[in-house]
Every structure is written in structure tokens, then in C-alpha cells.
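Dear colleague,

Please find the structure below.

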Amino acid sequence: MENTIRVVISSERCTRCGLCVQDCTSHALKMTEEGVVCTRPCLECGHCVAICPANAVSMPALDMADVSEYDPETFSVAPDHLLHLMKFRRSVRAFTEQPVTDAVLMQILQAGRHAPTAKNVQGLHFVALQKELPAFRQAFWDAMPNVIASCDENDPAARLCARFYEKHQKTGYDPFFMNAPAVLLVCGGSFWDAGLAAGNMELMACANGLGLLHDGFLQQALLRAPQLLEPFGLADIPVTACMLLGYAERSYARTAPRKQADLQIR
């Protein structure tokens, strides 16, 4: 975030209710005789925009067009339904050839974009590969010998790449991409931030009837082959999460059992 003030309060609309001042985590908003003013740079969390009952606050440097008015009918999910969605999700490793529409892919990327990030840096980059996936996959396998040769022999990921490459050469099986019609990449930020985004993206994928697999093998391989991300302008930004995406080849009749857990309410 730049060291500039990005919060603008309309003096015509401001009712001086003080809600934005009370909710400002950066203590950057102050009440004056003229109304609320922003006195210094802030965390850019957007709480002031979201809480203002008069819609008097804006942050012109951010994407104000994406701001939506609260609607209780469309902004809520039944808790039991959400838990069932979470329980019913599976790690999918067999996909149909049916492509995912661009509209659904964008909805999934938006779900990742709206995940929280440490210090609200919002520094993640999101790529959905589908049309260009065949060429990307071929370039990936073509690069594998050089990737393996350039890695330390004690690098566990390099040993895994070597084993997968040998299997791919002998049988044609693709253990990195499987037969997924789409791949989702999250780049930059911390693994914590990427994990939060990936969780959001999986829930959105499930809500659209899609299957998803968090692919740590592919993520580790791409960390060692950053040149493959040059076409997307991300060669210098580490891959922090990878997901295979598509419609599941098999359907499920119920949720799967889990280990007993230590769940405490104290």
C-alpha cells in the first residue's frame, strides 16, 4: 500500500453518525466540525465504506464498482446447508472432459480475491488455465528433465519429479495434472494467505457442482520451474497454491467419515 490517503468522505452525504470513526481499525478517521476527515494513510480494509449508512465514503483508488449493497436475501447461507457442502466435498482425482465456463471460472477467482490476507496486503495473483492448459501442460513436461537436473539430488520434490517423469514417459499417465480440464494457480503472498484463498475457491467450486483437488505436487514442481509462468508475467512470483478443477467423473451418495476430533467448547 502506498503512503497516501485513499479514503474520501462526501461532506454532502455525511450525516456525522460517527460509525466509520468507531470502526476504523487504523484510527485514521477523525470527527471534526466539518464532518469526518481522513488524517493519514490506513490499512485500506474498506470497513468505512461498508459501514456508512449514507454511502458517503469511497476509496477511489480501489475497485468501487465491485461494492454491493447488503441484501439479507442474497447475502446469507443457511448454516446447515454450508456445513453439508463442506462435509460433502471430496478431493477429486478423476474428471470428465466437460469444460468449465468462463463465468464460473471468474466467480471462483473472485472468491479467492475476496479471502482475507495478512495486513490486508491483497498481494495474490490468480490464474485459471483452461484454453491454454494443453500447451502449458506440454511445456511443463518438456521442462521436467532440466528441472530435475538443476535441483539438488537431496531435494525431495526433485526426486518426486523424477519418479513422476519416468512414469509419464513409460505409461503416458499424468500424475501432476491428471485429466483435469482446468488448473487454478495462486501466486504471491504467503502460504497462509494462499491457503485462505484456496479454501474460498474450493467452496465456490463446490457450489457450482465442480470437483477440485489441492495439488501440492504441482505447486512444488512449479516453484522449481518459474520460467513456465513467464507468459502470465508471474515468473518472479512464487506459486503458493495449485488446484485441479473440473466436473467429477464419479458421483457420491453421502458424506465420508472422518476421524474422531477433539472439539471443545469451554
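Contact here means heavy atoms within 4.5 Å. Helices (H or I, at least four residues) and strands (E, at least two) are DSSP runs, numbered from the N terminus. This is a predicted model, in which local features need pLDDT of at least 70, side-chain atom pairs count only at pLDDT 80 or more, and totals for chains, interfaces and linings use all residues. Residues are numbered from 1 along each chain as its sequence is written, and side-chain values use heavy atoms, with hydrogens and water left out.

The helix pair: W141, M144, P145 and I148 of α5 meet A158, C161, A162, F164, Y165 and H168 of α6. By class, this contact has nine nonpolar residues, one polar and no charged ones (Ala, Val, Leu, Ile, Met, Phe, Trp, Tyr, Cys and Pro count as nonpolar, Asp, Glu, Lys and Arg as charged, and the others, Gly among them, as polar).

R6 is in the segment before β1 (8–9). R6 is buried, with a relative accessible area of 17% (buried means under 20%, exposed over 50%, partly exposed in between, with a 1.4 Å probe and protein chains only). Not counting residues up to four places away in sequence, R6 touches E44, S58, M59, P60, A61 and L62.

G188 sits in the loop between β6 (182–187) and α7 (191–207), and is also buried, at 5% relative accessibility. Its C-alpha is 6.3 Å from that of H125, although the two are 63 residues apart in sequence. Leaving aside neighbours within four places in sequence, G188 contacts G123, L124, I237, P238 and T240.

Regards
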